[in-house]
Amino acid sequence: MSRIVNIFVVQENSLYSVQYEDEELDSLAQLFDNWSNTEYLHDYFEKHKDKLESDFYNNMSIKSAVLKTISESERFEDLLNESIENGIVLDGLKFKNLSKGETSSNLISSKAYGPSGKSWLRVYAICLSSKTFFITGGGIKLTKEMSEMEELEKELKKINQVRDFLKENFVFEDSDIGVFEIDNDRLIL
Amino acid sequence: MIKGLEKYNSNKSPWKDQFEKRKANKHWLRKSQSIALSILEEIKSKGISQKSLAEHIGVSPQQVNKWVSGKENFTLDSVSKIELALGVELIWCEKPKDSSLDLNFLFDALINQSYHDFAQEYLSYKVGRLSKTRKKVSKTEYETSYSMDQVSGIPNLKLVA
């Protein structure tokens, strides 16, 4: 597993983003950089072509999947930016629990959703003291369960890695840790 | 405040700057992404590597990598070179001549002009007939009309089975 090398500020005292050794950028910047990169997305959907060919995605073409992702990504970061500028990163995000089996017992596992539509983009974050979020990574979720895609299984490992890192490096009440999944479908401003 | 976190406060994530840049350049980035996708689909269907395309055109592999990332502000010169190398047309400027247009053109127009949400919705509705057999759908099967909103520039597609 890739080592955590740095933490970057997105919004002081409320939103931070973790950088790993094998990535050029911090997690948030890396995610949106990837989600606007046609080659990255084309390769990703080519790898998961079988999922796009399922009835659920109505045999969606790779090209359509790439364009859908770029469009959703733009909307996602628009909403995220607006939320940050209005100082409502925390209050503005509605969270839904990740399945309990996917996180350890002392974590509050949640997802956050935006206004409408069917987005497959996810950002994962750990929350300390109900106020400060640390983005651990994210991905394009094409299956119902995270465990069905190796990329998202890796994200689960990163969540636990960051949780351990935070425990080792910062002073806070252990019971205040939460794990969140954010997507732009239910990101409420 | 979480103790120990203050030492990271000088590390600013580049996300915000990158976001603003993407937003400011959104219009031409869409065109770049569309061209990049066409290049990617063409080289993959023809089994050409990015390296061999670079050698054929006389640029570095890094340059081709920039092109296919969809983040390059293409020049007409580079587009022309790629078109000649691949034997395809990547951009065109012709306006629709009449209302009975080819469906492939209509869908490409919708997708290229960022109206793929609509296209997606439409494809989902007609997917059984259009997804794999787009080329088989003809004017004889569907009554088509196409117009461009003069103010917004948004294509308006009507299809009746």
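User: What percentage of the 189 residues of chain A count as buried, and what makes a residue buried?

Analyst: Of the 189 residues of chain A, 47% count as buried. A residue is buried if 20 or more other C-beta atoms, placed from the backbone, lie within 10 Å of its own, exposed if 12 or fewer do, and partly exposed in between. This is a predicted model, in which local features need pLDDT of at least 70 and side-chain atom pairs count only at pLDDT 80 or more, while totals for chains, interfaces and linings use all residues. Residues are numbered from 1 along each chain as its sequence is written, with chains lettered from A and ligands numbered from 1 in the order in which they are written.

User: Why is A:Asn58 called partly exposed?

Analyst: A:Asn58 has 17 other C-beta atoms within 10 Å, a count between the limits for exposed and buried, so A:Asn58 is partly exposed. The residue lies in the loop between helix H3 (49–52) and helix H4 (62–85) of chain A. In the loop between H3 and H4 of chain A one also finds A:Asn59, which is partly exposed with 16 other C-beta atoms within 10 Å.

User: What makes the phi of A:Asn58 and of A:Asn59 worth noting?

Analyst: Most residues other than glycine have a negative phi. A:Asn58 is not a glycine, yet its phi is positive, about 55°. A:Asn59, also not a glycine, has a positive phi of about 55°.

User: Which elements make up the secondary structure of chain A, and how many are there?

Analyst: Chain A comes to 6 helices and 7 strands, where helices (H or I, at least four residues) and strands (E, at least two) are DSSP runs numbered from the N terminus. From the N terminus on, their order is β-β-α-α-α-α-α-β-β-β-β-α-β.

User: Why are H3(B) and H5(B) called roughly perpendicular?

Analyst: Helix H3 (residues 50–57) and helix H5 (residues 76–86) of chain B pack at about 110°, with their axes 10 Å apart. Axes are lines fitted to C-alpha atoms, for helices over the stretch in contact, and angles run from 0 to 180 degrees between N-to-C directions. Angles under 35 degrees count as roughly parallel, over 145 as roughly antiparallel, 65 to 115 as roughly perpendicular and the rest as oblique. H3(B) is therefore roughly perpendicular to H5(B). The residues in contact are B:Leu53, B:His56 and B:Ile57 of H3(B) with B:Lys81, B:Ile82 and B:Ala85 of H5(B).

User: How do you know that H3(B) and H4(B) are roughly perpendicular?

Analyst: Their axes cross at roughly 115° and come within 8 Å. The two helices are therefore roughly perpendicular to each other.

User: What makes the length of H2(B) close to the expected one?

Analyst: The expected span of a helix is 1.5 Å times one less than its number of residues. H2(B) has 21 residues and reaches 30 Å from its first C-alpha to its last, close to the expected 30 Å. Its buried residues include B:Leu29, B:Ile35 and B:Leu40. B:Gly47, with a positive phi near 70°, follows H2(B).

User: How many residues of chain B are in contact with chain A, and what makes a contact?

Analyst: Two residues are in contact if their C-beta atoms, placed from the backbone, lie within 7 Å. On that basis, 33 residues of chain B are in contact with 38 residues of chain A. H7(B) gives the largest share of the chain B side, 6 residues.
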